[in-house]
Amino acid sequence: MTQPQSPLALIVGAGPGLSAALARRFHAAGYRIALAARDTGKLANLAKETGAQVLACDASDPDAVTALFASLGAAPRVVIYNPSARVRGPITEVDAGEVRRALEVTAFGAFLVGQAAARAMLASEPQDGTRGTILFTGASAGVKGFPQSASFAMGKFAQRGLAQSMSREVHPKGIHVVWVNIDGAIRNPGRVEPADAPDSLLDPAAIAETYLALVNQPRSAWSEEIAVRPWVERF
């Protein structure tokens, strides 16, 4: 008797920080992993560690996103969208072309991947009444815009609105959609907390636990949005 395949988790915008922690955690939970990025050379070690499929993709390119999902061979049960871009500068001086490009990565790419993920999941057979989970990695900029960071605020607000709209449309069809507000800096490789502020950065492995918990949420109480922040932060 043929054994069923392990569920597939696709991480778009993969790199050495949060994406790597997500890949490791979902791999440990029994998922097959697919890693997509514009620069796939940086993923060799992570792919070896997790047995991941590595795929080149510019998430802001509609044809590239279509090709990405066609190459998976099966509908993913989990899709995580991590890419974002920003250009800093005073609103009176920031370059419009650079802002457009930042929005293409952060907002339009999220739409393209979200759309493709929803199509693939809706065409799949439900398991336990659900078809999968789509997670958008957000930031505090999607709740409050900061000075000289218009492009990032615009992009993250757009992601948040996309997730709200999608959740209202596809939750009743068995697809869980969540926008995750990463409300603080992440302890990525090479970054450490200041000596006078221990534990002030978010641990990527801890964030990954939250993502997995969201995937495993009972459908009678699905979250649409969640924020994670360091426990020492005052807010």
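Here is a short walk through the cores and aromatic pairs of this predicted model.

Residues count from 1 along each chain as its sequence is written. Local features need pLDDT of at least 70 and side-chain atom pairs count only at pLDDT 80 or more, while totals for chains, interfaces and linings use all residues; side-chain values use heavy atoms, leaving out hydrogens and water.

Start with Phe26, Ile33, Leu35, Leu135 and Tyr211. These have the most contacts inside the largest nonpolar core, which has 32 residues (a core being buried Ala, Val, Leu, Ile, Met, Phe, Trp, Tyr and Cys residues joined through side-chain atoms within 4.5 Å). Among the elements giving two or more residues to this core are helix H1 (18-28), strand S2 (32-37) and helix H6 (204-215) (helices are DSSP runs of H or I, at least four residues, and strands of E, at least two, numbered from the N terminus). A second, separate core holds 31 residues, including Ala64, Phe69, Ala117 and Met121.

Phe26 is buried at 0% relative accessibility, and Tyr31 is buried at 12% (buried is under 20% relative accessible area, exposed over 50%, partly exposed in between, with a 1.4 Å probe and protein chains only).

Now jump to Phe108 and Phe111: centres 6.1 Å apart, planes at 20 degrees, so this pair is stacked.

Conventions: Rings of Phe, Tyr and Trp (its six-membered ring) pair if their centres lie within 6.5 Å; planes under 30 degrees apart count as stacked, over 60 as edge-to-face and the rest as tilted.
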